[in-house]
Amino acid sequence: MAIALSFCFFVILMVVVGNISARRKRKHTSEDYLLAGRIHGRFAVALSAASSAVSGFIMIGAVGAGYTMGLIALMMPLGWIFGDLVFWL
């Protein structure tokens, strides 16, 4: 019962946030929808892109890798951190 209630709460929360965002739009164009009217800075865009790109793999791929490979799968986060650091520098 608690899982169903929390799921419904978060669905309702996302709908409310979406409605508020839709009402605050400046223009009703696809550019405004896809790029937020280009009002966000580089940091917010980079953070959003990185989190979107990694979240699906972490939630599905990393769990599956941990299940199939065991503790050696702990090397993946170290590789991600080191690789991101090298590419960032």
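Mentor: What follows is a set of questions about labels and the values behind them. Please keep in mind that this is a predicted model.

Trainee: Then let's begin with the overall layout. How many helices and strands does the chain have?

Mentor: There are four helices and zero strands. Along the sequence, that reads as α-α-α-α.

Trainee: What makes F9 and F10 an aromatic pair, and why is the pair called edge-to-face?

Mentor: Two numbers are needed here, because a pair of aromatic rings is described by the distance of the centres and the angle of the planes. For F9 and F10, the centres are 5.2 Å apart, and the cut-off for pairing is 6.5 Å, so the rings pair. Their planes stand at 75°; angles over 60 degrees count as edge-to-face, so that is the label. The structure holds one aromatic pair, and this is it.

Trainee: Why is F10 called partly exposed?

Mentor: Its relative accessible area is 46%. Buried would need a value under 20% and exposed one over 50%, so F10 falls in between.

Trainee: And M59, M76 and A65: how do you know which class each belongs to?

Mentor: The cut-offs just used apply again. M59, in helix α3, has 62% relative accessibility, which is over 50%, so M59 counts as exposed. A65, which lies in α3, has 12%, under the 20% limit, so A65 is buried. For the chain of 89 residues, buried residues make up 6%.

Trainee: What are M76 and A65 in contact with, beyond their neighbours within four places in sequence?

Mentor: M76 is in contact with F57, A62 and A65, while A65 is in contact with G70, A73 and M76. The C-alpha atoms of A65 and M76 are 9.2 Å apart, with the two residues eleven places apart along the chain. For M76 and A62, 14 residues apart, the C-alpha separation is 8.1 Å.

Trainee: Where does helix α3 bend, and what comes just after it?

Mentor: Helix α3 covers residues 42-69 and bends by about 40° at I58. Just after α3, G70 takes a positive phi of about 85°.

Trainee: Which residues form the nonpolar patch on the surface?

Mentor: They are V54, F57, I58, M59, I60 and W80, with about 590 Å² of accessible area together. Helix α3 gives the largest share, five residues.

Note on methods:
Residues numbered from 1 in each chain as written. Predicted model: local features only at pLDDT ≥ 70, side-chain atom pairs only at ≥ 80, totals over all residues. Heavy atoms only, no water. Phe/Tyr/Trp six-rings, centres within 6.5 Å; stacked < 30°, edge-to-face > 60°. Buried < 20%, exposed > 50% of the residue type's maximum accessible area, 1.4 Å probe, protein only. Bend = angle between axes of the 7 residues up to and from the residue. Helix = DSSP H or I, 4+ residues; strand = E, 2+ residues; numbered from the N terminus. Patch = residues over 30% accessible without salt bridge, like charges linked within 9 Å, V, L, I, M, F, W, Y side chains within 5 Å. Areas by Shrake-Rupley, 256 points an atom, 1.4 Å probe, with all protein chains shown as cover. Salt bridge = Lys/Arg side-chain N within 4 Å of Asp/Glu carboxyl O. Contact = heavy atoms within 4.5 Å.
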